[in-house]
Amino acid sequence: MSTESMPSSGPSDTEEMTVREAIRLAMQEELNLDEDVFIVGEDVGEFGGVFEVTSGLVDEFGEDRVRDTPISEAGFMGAAVGAAATGTRPVVEIMFADFLGVCSEQIINQMAKNRYMFGGKTEMPVTVRTTEGGGMGAASQHSGTLHTWFAHFPGIIAVAPGTPRAAKGLLKSAIRSDDPVFVFENKAMYEQTGDVPLDEDFTIPLGTANVEREGDDVTVVATQRLVGESLELADKLAGETSVEVIDLRSLYPLDTDTLVESVDKTGRLIIADESPLSYGTHAEIATRVMENAFFSLDAPIQRVGVADVHIPFSPTLEEEVLPDADDVKAAIDRVV
Amino acid sequence: MVSIDIETESGQKEALRRMLTIRAFDTKAGELFGDGELPGFVHLYIGEEAVGVGACSALEEDDYITSTHRGHGHCIAKGLELEEMMSELYGKANGYCNGKGGSMHIADVDAGMLGANGIVGAGPPLATGAALTSQIKGEDTVALAFFGDGAVAQGQIHESINLAATWDLPAIFLVENNQFGEGTPVEKQHNLQNLSETAEAYNIPGFTVDGMDVTAVYEAVKEARKRALAQDGPTFIEADTYRYRGHFEGDQQPYRTDEDIAIWKENDAIEQFRKRLIDAGTITESEFDEMESEISEQVEAAAKTAKEAKYPDPNEAYDDMFNASVPEINDFAQQMRTDGGEDR
């Protein structure tokens, strides 16, 4: 299923770049294209963001459009909601997804409910970019993967790119969307490289997954960092097991069709997502597939994620709890 | 809305009319709720009319306000229509929010009313955002946040005042100190004598005004608006007022006595303004009576229209979630409706 929108005219060049650069390019292009777009968050200006994702943008667009805030998530998240309701298009950076709890009132009761509660008479074009995931020894309060929370909450669109190309295309769609969109960036992916379209009109529709590699024996639907790891694993297993790898890309809406099509072909499903296993993203994907492709399944669906613990500090402990290609391999071995 | 110039005689009459309209509307809403006509719950603005009308009279049509649980008065002060408001209280399809919001969530963004709010203290961050839009777009508009004394204990209002002060945003923070945060008296909630002292922490001007005097509120907000437009940043205003009714209709109010209420009623905002206008010859007794009965008819008519209006079609429950089409919602809705027992 090909889902990217590539205009027939205009430059179709791609360039190899990192996820960080792809995200920065998306913001740079959208700031250029629409003067209502502005970036707001802690240290996004001169400092360039703690992961240097917004680096240099303040020099190009000025402090009015790349706004440093006090350390007050509720205040600036709320300001973004009010600004969006009155005609601007804020792109909010929440430094670590773990801090979303600090401003959850403004997200849950204001941003997500505003349009519905007011009978569809307001638009809420807010984009929230935030970082998730472990692997940096940052311990529990800076390593969480919280996307299930927000993908679950009605009124929020939630995406999580697994490639540099997806990072650019999804973020541009998010900024252009008139609905609240959360973009969950895995911080261990910022250095990951890949080909990214340079066309400023390249976008990826929200709500679409992508088959990154075709295969016949088993489907691995992965998110974020686990997409790249699963692709490498599929390469290694080639000739032995034919693995189809899907980058889920969009947590809500969920592209059930692409998943079902794949499972109809392979008969086996592994779900790899770096969030806690209970009641979460894995459960939703499994249920959708059960509802729509039950009789295509030749084996029980397998989940790869974080046992229901927080991310610990010590390298040996952190390595233990974070899912990786070995866990995906073990899951494949259980069912193939 | 047509903004009011309270410094002219016609403006004063219009301010009086809006105060009377708020009282009549909320009195009617209280009756209807008591009769079991309205679903949910309602929080009435009776007693506080001078604050909403005084503040909105100092604003222009394009200015924004955010509101509270007690939002009917702010809506009327900002010029919203009685029929659509009353219909929303009934949950009817022709209400301001198509029946999805109810009393606590009436909004009309086109009229600058960014919504009543069911969360105490959630409005000021939104007003800060509306002021941010104004600054980014270079518009000559301001955003005023109405919030209660209870909200001053909420962290997010302090974050938003700090942000607005730091960024010199054209925002006005107006506390309606109606002496109670739900059922708890203000002195049990704050260690400050005057809530306007809060302003000192943010290095912005802070004033306490008589919230039973519509002109005093008007003048304070007018001054704050001037500052905001001169890019001198936000102002914090406390208006001392009194909530005649309970926190919600049906509240048994063990926290105060009828005598407490009577003391404030001696200084009733509408009555003092009415006397002042009659003494000045701006309005005669009979003109006032005529105005009052006209308003009463309008409110009755709005209530009648609302009662007779249609409820939304149940299918509309699945509309308005997103601007974009999200197939899940329709799929799930359909699935929930399908009878069980059928082979898939």
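Start by selecting helix α3 (residues 73-85) of chain A and helix α6 (residues 155-166) of chain B: they pack with their axes 8 Å apart, at an angle of about 70°. Axes here are lines fitted to C-alpha atoms, for helices over the stretch in contact, with angles running from 0 to 180 degrees between N-to-C directions. Helices (H or I, at least four residues) and strands (E, at least two) are DSSP runs, numbered from the N terminus. α3(A) and α6(B) are therefore roughly perpendicular to each other (angles under 35 degrees count as roughly parallel, over 145 as roughly antiparallel, 65 to 115 as roughly perpendicular and the rest as oblique).

Now show the side chains where they meet. α3(A) brings Glu73(A), Ala74(A), Gly75(A), Phe76(A) and Ala79(A), and α6(B) brings Gln156(B), Glu159(B), Ser160(B) and Leu163(B); contact means heavy atoms within 4.5 Å. By class, that is 4 nonpolar, 3 polar and 2 charged residues. Ala, Val, Leu, Ile, Met, Phe, Trp, Tyr, Cys and Pro count as nonpolar, Asp, Glu, Lys and Arg as charged, and the others, Gly among them, as polar.

A quick note on what you're looking at: this is a predicted model, where local features need pLDDT of at least 70 and side-chain atom pairs count only at pLDDT 80 or more, while totals for chains, interfaces and linings use all residues. Residues are numbered from 1 along each chain as its sequence is written, chains are lettered from A and ligands numbered from 1 in the order in which they are written, and side-chain values use heavy atoms, leaving out hydrogens and water.

Next, pick Trp167(B), in the loop between α6 and β3 (171-177) of chain B. Is it buried or exposed? Trp167(B) has 14% relative accessibility, so it counts as buried (buried means under 20% relative accessible area, exposed over 50%, partly exposed in between, with a 1.4 Å probe and protein chains only). Look around it: Trp167(B) touches Val40(A), Arg67(A), Asp68(A), Thr69(A), Leu132(B) and Gln135(B), not counting residues up to four places away in sequence.

Finally, zoom out to chain A. You'll find 12 helices and 14 strands. Its C-alpha trace spans about 55 × 50 × 40 Å along the principal axes. Of its 336 residues, 62% count as buried.
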